Amino acid sequence: MRPGELWRTTPFRLTLMNGAVFALAVVALMGLIYQQTAGYMARQIDGIVISEAKDLRLGGAERLPERVTQAVAADTRRIEYYGLFSADGIWISGNVRSLPASLPIDGAPREVHAAGLQPGARGLAQRMPWGEILYVGHDALVLTGLRKIIINALALSGGLILVLGLAAAAALSLGPLRRIDDLRAASRAALKGELGVRLPVSRRRDEIDMLAGVANAMMDEAERLLWEVKSVGENVAHDLRTPLNRLRALLYRVRQETQLEGAQREMLDQALAETDDLLTRFRALQRIGEIERRDRQAFFEPTRLQSVLEHVRELHEPLAEDRGVALEADIADDAPAVSADPTLLFEAVSNLVDNALKFTPRGGRVTLRLVVRDEGPRIEVADNGPGVPEVERDAVLQRFYRAARTRTEPGSGLGLSIVTAIARLHHFTLVLEDARPGLRVALNCWPRGIGG
């Protein structure tokens, strides 16, 4: 299990989403608490400054400077601010030397912004009946402390929610991820041709199990239909081979024991050739069935592709000389070995080379190549013959299909079908490309995947 897979799981994302919603709710709640508390404390501070201004004013004008000085001295917490100014704003007494510039002299408490004061501090400026100006202010240390407490609580709770949310998301995602890994393993086995494999179903009967149940039902039906289709072709090929062999033997006997001449002789020879062609096709059909029924790993071993291609080249060199076609080989020495059935790979490459020689005109060239790519080794058989149009390249891999320009050539149309069956057995990929001119058939000798 990779970390990226954890993030892609639905339980992980849903848990994180729920955690994020919960965190936003906590932030909103704490913000509301702070807002309501700040408003309440602002009203309390307003009441304090109004009360203190009233007490100072009721004492009369004679000892007002002395009372202001005494009030400053009595403030041991250093949160009260007083200032007495003349009618034209000259300082008389108190710990405030100048009136705040933005504070109107109307006796109404307002927030005061000044150096040394905490955000939320309140104060008022009031003109006395005898003309002097009194300033009373109150700092907001308690509100600042509350703000710090709320911020710290948010930071702590936010970190705790994040850690617990990630832990819960991971815990809730591990189980589904393990089940997904089991589903992947079963799917890969089914993709490799193990038709009896089914996706595991737990006792929870949740959405994963419902999906696995539907997939298993589809696989049951696909397996049934596949075996029915395969059995029809194989049974027909098997049942008809015996009467066809008898028919060929009878035609051959007639040919040997009679003295037919001219058109009758040609018709008999044509009947023999058509019977041989039918037998070849049935043998090819049975060969495809044998390959598809074969145990997928029974004959696999580390295989050097260089040796397989060298044997193919040696086998087909005499045929290439007879056809007047140059058979060239370009085999990379550093190609790594692959896990494969060497006999079947030899058969597949032989079929490709045989097809290329068959459809390459005299004086042409067939190239057998082994190259190394980042994904793995790649076998290529290229010719400069007529090629296959792009629209027909998928069709020529089907059984009995033959391109329009090659239908006059002898053959059963099953050579590439055998190669396709061998490639599917090894989990390799068969690719047809334009060689400009001609056709390039490539066998990518690295396993196909179903997605990570």
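Which residue's side chain does the side chain of Arg122 meet in a salt bridge? The partner is Asp46, at 2.8 Å from N to O. A salt bridge here is a side-chain nitrogen of Lys or Arg within 4 Å of a carboxyl oxygen of Asp or Glu.

This report concerns a predicted model, in which local features need pLDDT of at least 70, side-chain atom pairs count only at pLDDT 80 or more, and totals for chains, interfaces and linings use all residues. Residues are numbered from 1 along each chain as its sequence is written, and side-chain values use heavy atoms, with hydrogens and water left out.

## Overall composition

The protein chain has 9 helices and 12 strands. Both kinds of element are DSSP runs numbered from the N terminus, with helices (H or I) of at least four residues and strands (E) of at least two. Of the 452 residues in the protein chain, 38% count as buried. Buried means under 20% relative accessible area, exposed means over 50%, and partly exposed lies in between (1.4 Å probe, protein chains only). Among contacts between residues at least 6 apart in sequence, 63% join residues at least 24 apart, where contact means heavy atoms within 4.5 Å.

Ala340 is buried, with a relative accessible area of 0%. Ala340 and Pro302 are 38 residues apart in sequence, and their C-alpha atoms are 6.4 Å apart in space.

## Salt bridges

A search of the whole structure finds 12 salt bridges. In the pair named at the outset, Arg122 lies in strand β4 (residues 122-127) and Asp46 in helix α2 (residues 10-58), so the pair ties together parts that are 76 residues apart in sequence. Arg122 is buried at 16% relative accessible area, and Asp46 is buried at 14%.

| Side chains | Distance, N to O |
|---|---|
| Arg122 and Asp46 | 2.8 Å |
| Arg110 and Asp106 | 2.8 Å |
| Glu380 and Arg378 | 2.7 Å |

In the pair of Arg110 and Asp106, Arg110 is partly exposed at 32% relative accessibility, and Asp106 is partly exposed at 43%. Glu380 and Arg378, by contrast, are both buried. Glu380 and Arg378 also belong to a network of salt bridges that links them with Asp330, Arg369, Glu433 and Arg440.

## A buried arginine without a salt bridge

Arg67 is placed in helix α3 (residues 64-74). Arg67 is buried yet has no salt bridge. The nearest side chain of opposite charge is that of Glu66, 7.4 Å away. In this account of charge, Lys and Arg count as positive and Asp and Glu as negative, while His and the chain ends are not counted. Leaving aside neighbours within four places in sequence, Arg67 is in contact with Leu56, Gly59 and Gly60.

## Packing of helices α7 and α8

Two packed helices are described by the angle between their axes and the distance between the axes. For helix α7 (residues 305-323) and helix α8 (residues 342-359), the axes come within 9 Å and cross at roughly 30°. Axes are lines fitted to C-alpha atoms, for helices over the stretch in contact, and angles run from 0 to 180 degrees between N-to-C directions. Helices α7 and α8 are therefore roughly parallel to each other, a description that applies to angles under 35 degrees.

The crossing of α7 and α8 is right-handed, meaning that the near helix is turned clockwise from the far one by less than a right angle. Residues of α7 that meet α8 include Leu305, Val308, Leu309, Val312 and Leu315. Residues on the α8 side include Pro342, Leu345, Phe346, Val349 and Val353.

## Backbone features in loops

The loop between β11 (429-434) and β12 (439-444) contains Pro437. The peptide bond from Arg436 to Pro437 is cis, with omega near -5°. Arg436 is placed in the loop between β11 and β12 as well. Although Arg436 is not a glycine, it has a positive phi of about 50°. Arg436 is exposed, with a relative accessible area of 69%.

A positive phi of about 60° is found at Arg78, which is not a glycine. Arg78 is in the loop between α3 and β1 (80-85), and at 57% relative accessibility Arg78 counts as exposed.

Note on methods: Parallel < 35°, antiparallel > 145°, perpendicular 65-115°, else oblique.
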